[in-house]
Amino acid sequence: MAGATDATTVAAALFQAMQAGAAVRGTTSPNPPVGAVILSATGAVVGRGATQPVGSAHAEVMALRAAGEKARGGTAVVTLEPCAHWGRTGPCAAALIDAGITRVFYLHADPTPEAGGGAQALAAAGVEVGQISAPDGIEDAVLPWCRAVKLQRPHVTLKFAQTLDGFTAAADGTSQWITGPKARERVHADRARRDAIIIGTGTALADNPSLTARYGDGSLREHQPRRVVIGSRDLQSAGEKTSHLQQLGFEQYDSIEHALKELYASGARDVLVEGGAGLAQSFIEAGAVDALEAYISPILLGEGRGILAHAVAHTLADAPRFTTVRSTTLGPDVLVEYEARSEC
């Protein structure tokens, strides 16, 4: 890039593109939630877009539509390398070339063999192309999709609420509410950005949950995730207590492997595990946890129910380790987000 001002402008555009992508997370699978910003030849933001639901326009096309003729001679900043193939829509690399874009900067290389190669196609057409790094302090909405594609299964986030001393419920089993209203509001907003929520049959039988994504007044959010139960126990035979699970469209699978395989095949790329200690234990032992969301409340219990059903390691050297991504204060509570792998 030509100079400090230019680098700053592109970094600011990437920040906006990442915001745009984060805003559509949960609505685009199996496509990635990409954001794009178009800068005019003078460096002004003239277009912004994000991936639309499957079969509709990709982020680059939405941003180009917003920019119109002001895109000619300009720069595109995108959170994922523009695609180079014909799918339900045309290749974004070609759309950028046709619009007269002279420079393209992207955050992540496309890991899919069928859609990759956009950078090469752009460079072959004389477009300046570069890969740039993400700024700190903003959600990277493409990462779960990117990792899911590489793993060939949905990206899995394990979510739990705990006291300061690590308990998810008191000794008598009570757990409502460990966290306060702001934390619970964040949970519902997070549900609306996922392709599916997973619980175990134990949680289904004990809590009879709806697993909906709701606003503070109880009304449903626009996007609702699929609701999945893992376990071999027959929920239908449990009587009226869980009969509504089938009515609400709950899907049941007998194992983690089966669930993740079927969910990925049906288009799910980003799922949230909200089950109890047994299910959390199973996902950890299966090596299928890619991220953690720990909602920590300023409460001390001294005894109670833990996050996991039993030990997963007997020495620190063998313990699964995660990297801290960010922490967010939610009223009296703190959400700490971790990831098991940082690469895309």
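Some ground rules before the details. Residues are numbered from 1 along each chain as its sequence is written, and side-chain values use heavy atoms, with hydrogens and water left out. Since this is a predicted model, local features need pLDDT of at least 70 and side-chain atom pairs count only at pLDDT 80 or more, while totals for chains, interfaces and linings use all residues.

Confidence, then. The mean pLDDT of the chain is 89, pLDDT being the predictor's confidence in each residue, from 0 to 100. Of the residues in the chain, 92% reach 70 or more. Over residues 1-5 pLDDT stays under 50. For that stretch the model has six contacts beyond four places in sequence, a contact meaning heavy atoms within 4.5 Å. Where pLDDT is low, the predicted coordinates should not be read in detail.

Next, strand β1, residues 35-39. Helices (H or I, at least four residues) and strands (E, at least two) are DSSP runs, numbered from the N terminus. In β1, five of five residues are buried; buried means under 20% relative accessible area, exposed means over 50%, and partly exposed is in between, with a 1.4 Å probe and protein chains only. Gly35, Val37 and Leu39 point one way, Ala36 and Ile38 point the other, and all are buried. In a regular strand the side chains alternate between the two faces of the sheet.

What does β1 pair with? Strand β2, residues 45-50, runs antiparallel to β1 and is joined to it by five bridges. Two strands pair if DSSP finds at least two bridges between them. Ala36 has Gly49 as its bridge partner in β2. The hairpin of β1 and β2 has five residues between the strands, and there Gly43 takes a positive phi near 95°. Strand β3, residues 75-80, is also antiparallel to β1, with four bridges. Here Val37 has Val77 as its bridge partner.

β8 pairs with strand β9, residues 226-230, in the parallel sense over five bridges. Ala196 stands opposite Arg226 in β9.

Now some backbone details. Where is the cis peptide bond that involves Pro30? It joins Ser29 and Pro30, and omega is about 10°. Pro30 sits in the loop between α1 (4-23) and β1, and is partly exposed, with a relative accessible area of 27%. Leaving aside neighbours within four places in sequence, Pro30 is in contact with Val54, Trp145, Gly267 and Arg269. Pro30 and Asp270 are 240 residues apart in sequence, yet 9.3 Å apart in space, C-alpha to C-alpha.

Gln152 has phi near 60° and lies in the loop between α5 (142-151) and β6. Leu211 has phi near 55° and lies in the loop between α7 and β9. Buried or exposed? Gln152 is exposed, with a relative accessible area of 51%, whereas Leu211 is buried, at 5%.

Last, the spaces. On a 1 Å grid over the protein atoms alone, a cavity is a set of points where a 1.4 Å probe fits but cannot get out, and a pocket is an open set with protein on both sides within 12 Å along at least five of seven lines; lining residues have an atom within 4 Å of a point. Grid points are joined across faces, edges and corners, and a volume is the space filled by probe spheres set on the points.

The largest pocket has a volume of about 1100 Å³. It is lined by 34 residues, and nearest its centre lie Lys159, Ser175, Thr203, Asp207 and Glu274. Among the elements that each supply at least two lining residues are β6 (155-163), α6 (181-191), α7 (201-207) and α10 (277-285). The lining divides into 15 nonpolar, twelve polar and seven charged residues, where Ala, Val, Leu, Ile, Met, Phe, Trp, Tyr, Cys and Pro count as nonpolar, Asp, Glu, Lys and Arg as charged, and the others, Gly among them, as polar.

The structure holds one cavity of 30 Å³ or more. About 80 Å³ of space lies in the largest cavity. Of its 13 lining residues, Arg25, Ser29, Pro33, Asp195 and Asp270 lie nearest the centre. By class, that lining has four nonpolar, four polar and five charged residues.
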